[in-house]
Amino acid sequence: MKSTVETLSPTRVRLEIEVPFAELEPSLKKAYREIGSQVVIPGFRRGKVPTAVIDQRVGRGAVLNEAVQEVIPTQILAAVREHEVKTLGRPEVEITEFADGQPLKFTAEVDVRPEITLPDLSEIQVTVDALVVSEEDVDEQLKGLRDRFATLKTVERAALVGDFVQIDLVATVDGEEVPGGSATNISHEVGSGQLVPGLDDVLAGMSAGESTTFTTQLVGGDFEGRDAEVSVTVKSVKDKQLPPVDDEFAQLASEFDTLDELKDDLRTRLTRVKRMEQLYSARDLALKAVIEATEVPAPEGVVKDEVESRKESMNDQLQRIGASFEDYLSTEGKTEEEMDAELNEAAVEGVKVQLVLDTLADAESIQVSDDEFGHEIVHRAQRAGVGPQQYYDQLVQAGVAGAVFGDVRRGKALGVVLERVKIVDSEGTALSLDDLRGPVDEHEGHDHGDHEGHNH
């Protein structure tokens, strides 16, 4: 095999590869064996068909094509190693010359990792918001707890915003009942906006036993975009009664004996959440600053593949909830071109981050231990709801185990970035990575509300 490499751009090369016909012989024999095991020819046992018969029945060209398709990836890999090319993404292959008995000549254009000169990380400074936990923040958490332990009591009066009503609904268009547009005994909080638009406007002021109609525009189904007449009947009105905020409430809602102890714990938890927000903010700002300081070019082919991957993932998620991409665009008020532009921008940013972190990982000779890789596999398997070994086997079968390994390595490189850049808050206080990670909360895991509902 002979090969040359031509640089097309800082992020793309073209490999020209020539393979003597003699080097195709092993793949040619393998192609004959595989085709011979698949075809059924009277008078011959499966797998025992002579090559001359396969040439006659299937065609020598089909055998040659299968051999070529098998040999191309291995020859590309050999050329990449010979020229020490750091490839990214999938190559685009073009066969330029090939005939039976003659050398195979082809080109392979592929994106490569550009040469990146990293800045001095210690000279980069990022500013995050100062950590402030106010009494209003604590009170908001208490309010959420009180809502969880609220009780509903039937009242003989008109409904007010914040009340819960039990209602029946019937929607019609031109006198025809809308499929799926009827429901009975629905519990609904007045003012929550959880059901059809316009409903809360008419419910406020209605009492049990009263009915009314209003017009709303349907947002789905066969009558999407049409105006519907909705009849609503109130069955009952219930007042949400919140427990008093005192020591007894603290004992009801947590493991603490006093309200002050509960507030202190809420304050500690809020502090930890806000520390995590500072950490994520520092991460995003630091990566952005490093990318700007290095002027990283983004390989077009890799970006294109990333956009397609993100779009496919989005479509899969939409299908799982019974929606289409067109529905999503309509809901977001965006055109497909605008969505593609957003996905492309996000993909470019993501690819640049990977390139910077990979370069840093190489420069720092960052390694990933078996334990670190195994921990990541266990973590991802838990999120996927499958066993670690099954998850790992799926990764290997899909050929993406290496990508997970790369993610772990980049995570360690990101830790190096956050250790070396200067992080200050808006009040000028210097923060270390340990400051942002914060102490381990001894009460972590106690169940008294959703104070940590930040899904980063």
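I started with what the buried residues of helix 9 pack against: strand 3 (87–97), helix 6 (259–294), helix 7 (300–320), helix 8 (325–332) and helix 12 (401–420). Contact here means heavy atoms within 4.5 Å. Helices (H or I, at least four residues) and strands (E, at least two) are DSSP runs, numbered from the N terminus.

I noted that this is a predicted model, where local features need pLDDT of at least 70 and side-chain atom pairs count only at pLDDT 80 or more, while totals for chains, interfaces and linings use all residues. Residues are numbered from 1 along each chain as its sequence is written, and side-chain values use heavy atoms, leaving out hydrogens and water.

I listed the buried residues of helix 9, among them M339, L343, A347 and V351. Buried means under 20% relative accessible area (1.4 Å probe, protein chains only). Just after helix 9, I found S365 with a positive phi of about 50 degrees.

Next I checked helix 6 against helix 9. Their axes come within 10 Å and cross at roughly 80 degrees (lines fitted to C-alpha atoms over the stretch in contact; angles run from 0 to 180 degrees between N-to-C directions). Helix 6 is therefore roughly perpendicular to helix 9 (65 to 115 degrees). Helix 6 brings L287, V290, I291 and T294 to the contact; helix 9 brings E349, K352, V353, V356 and L357.

Last, I looked up D168, in strand 7 (residues 164–173). D168 is buried, at 19% relative accessible area. A polar atom of its side chain lies 2.8 Å from the backbone nitrogen of N185.

Key:
Buried means under 20% relative accessible area, exposed over 50%, partly exposed in between (1.4 Å probe, protein chains only). A polar contact is a pair of N or O atoms within 3.5 Å; within protein, one must be able to donate a hydrogen and the other to accept it, and residues adjacent in sequence count only if both atoms are side-chain atoms. Angles under 35 degrees count as roughly parallel, over 145 as roughly antiparallel, 65 to 115 as roughly perpendicular and the rest as oblique.
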